[in-house]
Amino acid sequence: MYPHPGFFFAAQRAHRLHKQVERRAQLATIAPKIFRNDYFDVRKPLEHIMIPLAFSAPGQFWRGNLHCHSTHSDGVLDPEEVCHRYRAEGYDFLCLSDHFTGQFDYPITDTSGFRTKAFTTLIGAELHSGAMQNGDLWHILAVGLPQDFARPDAPDFRAHPGQESGPDIARRARDAGAFVVIAHPQWSGLTLDDALSMDAAHAVEAYNYECEVSSQRGDGFHLADLMLSEGRQITLTASDDAHFKLEDHFGGWVRVKAKDNTPDALLAALKSGAYYSSQGPDLHHIELRGAKLVVHCSDAVAIIVQGHGSATRAVHAERLTSAELPVERFRGGGWLRVTVVDDKGRKAWSNPIWL
Ligand SMILES: [Zn+2]
Ligand SMILES: [Zn+2]
């Protein structure tokens, strides 16, 4: 004798409902303001809620710069002074990423001696090997690189026949534990084919402050958007690429969500996408709630959602700290991301959210 199949469906539904209510109670502890009115009201149809890791993972945000140079390659300050400048500016961490080429004797600059209680460093380098489609040399950021990472045959800033390819050295870096970023794609003249060939990349450098200041080629969002529309689940970084030859520092950073400001915790969070990027504004909370995207941020004049093709939605006002935007327009493209603009024109950018 078996119970009627309807019994199972009812039991499953009750279990699901219970789990959803439980989940809402958990979420309420994360963001009580957003759920204050209805999260226990089970008479209303429950909405699907998704919170990106940057806003749901435990811990706090740590501000850091992932990309800059010292006298160990073509920067003008020694490694200790670079660390000092970022620490004095209030950064929580830094990755010094000198150019890993023969002319500089393949530096992987050891900054561990400049760590303090309140400031840490990730070990990394900017890798170079092989030609992009335009014939120029690849630039690939590797954050969290071991000191014994094997050298390519990359004597200088030119691509040479027979060198290890860009995608191959990037794969080696990822296998060695690094967070791999396609550096300054607009400055490099990168094509979409180049970018798609870089299968080991975790992220695209969507904003490079030095490239913006020096050559007005700091953008990486156009290429990143095309990659996202090809289904590539990359995340987005902003960084300084500071050489301290120009006013090229403190203009773009990441805020990484982690329990501790330690290299291991930061690196794991970067790889998982638990971070966002900024030139100034802060993102406080983002969640996908049914057919709406809810955004909370520091003072802004625009909150914009971008997706596949020409899909965008925005709210503009003299002063905004939150917005709810419909996401229906983005469903077909499969992804969206958020940009917040403050009254000085500075932006903060979320990582992509997959629908
Ligand atoms: Zn570079
Ligand atoms: Zn660089």
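1. Gly273, which comes directly after helix 10, has a positive phi, near 85 degrees. Helices (H or I, at least four residues) and strands (E, at least two) are here DSSP runs, numbered from the N terminus. The model is a predicted one, in which local features need pLDDT of at least 70 and side-chain atom pairs count only at pLDDT 80 or more, while totals for chains, interfaces and linings use all residues. Residues are numbered from 1 along each chain as its sequence is written, and chains are lettered from A and ligands numbered from 1 in the order in which they are written.

2. Within helix 10 (residues 263-272), the buried residues include Leu266, Leu267, Ala269 and Leu270. They lie on the same side of helix 10, because the arc they cover around the axis is only 165 degrees, taken from the directions from the helix axis to the C-beta atoms. A residue is buried if 20 or more other C-beta atoms, placed from the backbone, lie within 10 Å of its own, exposed if 12 or fewer, and partly exposed in between.

3. Ser229 belongs to helix 9 (residues 221-229) and is partly exposed, because 16 other C-beta atoms lie within 10 Å. Leaving aside neighbours within four places in sequence, Ser229 is in contact (C-beta atoms, placed from the backbone, within 7 Å) with His308 and Gly333.

4. In strand 7 (residues 179-182), Phe179 and Val181 are buried on one side, and Val180 and Ile182 are buried on the other. Strand 7 pairs (at least two DSSP bridges) with strand 6 (residues 140-143) in the antiparallel sense over four bridges, and Val181 is the bridge partner of Leu141.

Key:
Two residues are in contact if their C-beta atoms, placed from the backbone, lie within 7 Å.
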